[in-house]
Amino acid sequence: AAAEPEPPPSAEPPGGPEAVLAEGVAEPAVDLEASSDAAPTEVVANLEVEPEAEAPDAEAPDAEAPDAEAPDAGVAEAGAAVVFEDEPTPVPEEAFDAPRHREEPSVDALEAGALATEDAAERAVAWLAVAEARRDRLLDPDGAVPAFEAVLADAEPGTSVWVEALEALEDLHAVRSNWDALLALYDRRREAHLASPGEVELLKASILRAAGRRDEAIVEARAALPHEERALDLLVDLLVDAERRDEAAAALLVGADDLDPERAAQRRWRAADLLADAHPDRAAHLMGAAHADLSDPLLAADWLEAARRTGEPRPLVAALRAQLEHLGAGTADAVRRSNILVEAAALAAGPLQTPHEARALLEESLSAWPDNLEALGHLRDVLEGLGDAPALARVLERQIQGSLPGAHRGTVALQLARLRLEALEDAAGAQAFAQMACADLATSPQR
């Protein structure tokens, strides 16, 4: 039989349509030029597969999209190496085996260590650690006191460990007002030569004052006085508190003459202030001496007040004159100056019986304030007593010039007329003032 003709070559690729479908999913793009020589069935198959391929999902992760810009292997390895070099140095495994917090020994262990220590200096250091642990860690200051005292017993006085324990005990006793214990510690300071002469006595005086033991404080303050100038203020305050002002003033005056003038004056002023109530005469004397070396308006005012209390004219005149040093040149101060001088002149003309001094004071008063009629009246009286007719005539004329027509001016004019006629032998001048007197006195209802 004749051989059957072979069928034409199949246009399907090996594997059948399934293979074509699978190939279309992997490569959705169709190259028409490459398929122009292909069998029609193959082209159709490719065209049918293309619409069934879905576009890549825009929301899909980057890992599913084609990695068109992926670096080559060499670049990736280099980048990995850089990242590795930036990482911190690994911690050795043995470090994790060490304890994270160091535990401090217990106070009982510290005490046991102190008791077991034979060397005194080392034992003092151990007891200091015990004391600080009780005070700071256990908040047991009372329990720390015996340990601090053990430090003082074992350590060499004056060493840093000894001083640290001493200061800690001073603080603890001061806070608890354990005055006797604190005073004993101050004595130990002095024995260890940790304080200058007088410093311990001054500290003890202050503590005794705080404890209300004033008499003991006075004793310690007196002991400190030769070495500590600060002790004087404390001693004076203690004596004043004890109502012993005379002793306080005496303490201030001791050695005052050896000081510079200003400091000496300050001492005398303060002493005088303490004596002002009981001994005003002595206070006035001290303030006068102080004012000679210290020009202070407050001191001058205190001096005047003390001088008035004495009732003695001479100290009062001196104190009044001292006020003038602190007045200015203004009108108000000029009036004050004039009035002060009038007061001083009255003392000179009266109790002191020194008319020439009174005249000088009144003339100075009128120089400061010419319109002071009181000063003119006193000066007229003083000049009459002195018998100085020409000066008296000038004062009477000033009184007439400062007076209004009336009985007062008429009386003064009549006196001046007689003075000019009898003492000055000035008949014409006497007649003129006599006429003025007649006119003024004629209009006065008293005449």
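This is a predicted model: local features need pLDDT of at least 70, side-chain atom pairs count only at pLDDT 80 or more; totals for chains, interfaces and linings use all residues.
Local features need pLDDT of at least 70 and side-chain atom pairs count only at pLDDT 80 or more, while totals for chains, interfaces and linings use all residues. Residues are numbered from 1 along each chain as its sequence is written, and side-chain values use heavy atoms, with hydrogens and water left out.

**View 1. Helix 6, residues 141-154.** Helices are DSSP runs (H or I, at least four residues), numbered from the N terminus. The 14 residues of helix 6 reach 20 Å from first C-alpha to last, close to the 20 Å expected at 1.5 Å a residue; the expected span is 1.5 Å times one less than the number of residues. Buried here (under 20% relative accessible area, 1.4 Å probe, protein chains only) are Ala144, Val145, Ala147, Phe148, Ala150, Val151 and Leu152. These buried residues pack against helix 5 (120-137), helix 7 (160-175) and helix 8 (179-191), contact being heavy atoms within 4.5 Å.

**View 2. Helix 16, residues 313-324.** The end C-alpha atoms of helix 16 are 17 Å apart, which agrees with the 16 Å that its twelve residues should span at 1.5 Å a residue. Pro313, Leu316, Val317, Ala319, Leu320, Ala322, Gln323 and Leu324 are buried. The partners of the buried residues of helix 16 are helix 14 (280-293), helix 15 (297-310), helix 17 (331-349) and helix 18 (355-368).

**View 3. Contact of helix 16 with helix 18.** Arg314, Val317, Arg321 and Leu324 in helix 16 meet Glu357, Leu361 and Glu364 in helix 18.

Notes. Helices (H or I, at least four residues) and strands (E, at least two) are DSSP runs, numbered from the N terminus. Buried means under 20% relative accessible area, exposed over 50%, partly exposed in between (1.4 Å probe, protein chains only).
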